[in-house]
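Colleague: I would like to go through this model with you and ask how each label was reached. Please show it first.

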Amino acid sequence: MKKGRESLQKGKEQLAKGKGILGEFKKFITRGNVMDMAVGVIVGGAFTSIVTSLNQDILTPILGIFGGTDFSNLTVKLGSGDSAPVLHYGNFITAVINFLITAFVIFVLIKTLNTISEHFSKKEEKEEAPITKECPYCKSKIAIQAVRCPHCTSELEIEEIVE
């Protein structure tokens, strides 16, 4: 019993100091990235229910008008009798449509966010003055102020300088 209390006390001390596996876990779980991810998962779950409703309540009936059928009623009975298994492949088609709609909407959202982000992050970049030039004789990169090439030792004239 005494050993258990000592171990518990040691664990509390390590947690308070941020040491040990519990301290590392506390540091990991309270980082901003984990919290952001948790919020993203919750929002994603809510978003999925919206897309599912869009598909089941709006798109599937519209597709049923053109195709003459509602996907959720499509089934195949494997065998005969009341206890024979039934494949609800219409529900699978609905799930595939849900997935495609969700993926497309997320793609459009990310593309829009990236476009907006690029628009606001674009800074007019000044063209920097060159700091090197090319030797007209050996084609090596040299300092722009050089009057003699350090590679081929050619003397450079002002009119020979080529960028």
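Colleague: How many salt bridges does the structure hold?

Modeller: The structure holds one salt bridge. Bear in mind throughout that this is a predicted model.

Colleague: What makes the pair Glu155 and Arg148 a salt bridge?

Modeller: The closest N and O atoms of Glu155 and Arg148 are 2.9 Å apart. The cut-off is 4 Å, between a side-chain nitrogen of Lys or Arg and a carboxyl oxygen of Asp or Glu. The pair is within that limit, so it is called a salt bridge.

Colleague: Why is Glu155 called exposed, and what is Arg148 called?

Modeller: Exposed means over 50% relative accessible area. Glu155 has 55%, so it counts as exposed. Arg148 has 43%, which makes it partly exposed.

Colleague: What is the secondary structure of the chain?

Modeller: It comes to four helices and four strands. From the N terminus on, the order is α-α-α-β-β-α-β-β.

Colleague: How do you know that the length of α4 agrees with a helix?

Modeller: Helix α4 has 33 residues, and at 1.5 Å a residue they should span 48 Å. The end C-alpha atoms of α4 are 47 Å apart, so the two values agree.

Colleague: Which residues of α4 are buried?

Modeller: They are Gly90, Thr94, Ile97, Asn98, Ile101 and Thr102. In general, an α-helix has 3.6 residues a turn, so residues three or four places apart point the same way.

Colleague: Which residues make the nonpolar surface patch?

Modeller: Val76, Leu78, Leu87, Tyr89, Phe92, Val96, Phe99 and Leu100 make it, and the patch covers about 770 Å². Helix α4, residues 89-121, gives the largest share, five residues.

Colleague: Where is Ser53 found, and how far is Ser53 from Asn98?

Modeller: Ser53 is found in helix α3, residues 32-67. Ser53 and Asn98 are 45 residues apart in sequence, and their C-alpha atoms are 9.1 Å apart in space. At 33% relative accessibility, Ser53 counts as partly exposed.

Colleague: How many disulfides are there?

Modeller: By this rule the count comes to zero. Cys135 is in no disulfide, and the nearest cysteine sulfur, in Cys152, is 3.7 Å away.

Colleague: Are Cys135, Cys138 and Cys149 buried or partly exposed?

Modeller: Buried means under 20%. Cys135 has a relative accessible area of 0%, so it is buried. Cys149, in the segment after β4, has 1% and is therefore buried. Cys138 has 29%, so it counts as partly exposed.

Colleague: Which residues are in contact with Cys149, leaving aside its neighbours within four places in sequence?

Modeller: Cys149 is in contact with Cys135, Cys138, Ile142, Ser154 and Leu156.

Colleague: Why is Ser154 called buried?

Modeller: Ser154 has a relative accessible area of 18%, which is under 20%, so it is called buried. Ser154 is found in the segment after β4. Leaving aside its neighbours within four places in sequence, Ser154 is in contact with Tyr137, Val147, Arg148 and Cys149.

Colleague: What is noted about phi in Lys139 and Thr153?

Modeller: Most residues other than glycine have a negative phi. Phi of Lys139 is near 65 degrees, a positive value. Thr153 has a positive phi of about 60 degrees, although it is not a glycine. Lys139 is in the loop between β3 and β4, and Thr153 is in the segment after β4. At 51% relative accessibility, Lys139 counts as exposed.

Colleague: How much of the chain is buried?

Modeller: Buried residues make up 15% of the 163 residues in the chain. The accessible surface comes to about 13500 Å², and 63% of that belongs to carbon and sulfur atoms.

Conventions. Residues are numbered from 1 along each chain as its sequence is written. This is a predicted model: local features need pLDDT of at least 70, side-chain atom pairs count only at pLDDT 80 or more; totals for chains, interfaces and linings use all residues. Side-chain values use heavy atoms; hydrogens and water are left out. Buried means under 20% relative accessible area, exposed over 50%, partly exposed in between (1.4 Å probe, protein chains only). Patches are made of residues with over 30% relative accessible area and no salt bridge: like charges are joined within 9 Å, nonpolar side chains (Val, Leu, Ile, Met, Phe, Trp, Tyr) within 5 Å. Accessible areas come from the Shrake-Rupley method with a 1.4 Å probe; for residues, only the protein chains shown count as cover. Helices (H or I, at least four residues) and strands (E, at least two) are DSSP runs, numbered from the N terminus. The expected span of a helix is 1.5 Å times one less than its number of residues. Contact means heavy atoms within 4.5 Å. A disulfide is a pair of cysteine sulfur atoms within 2.5 Å.
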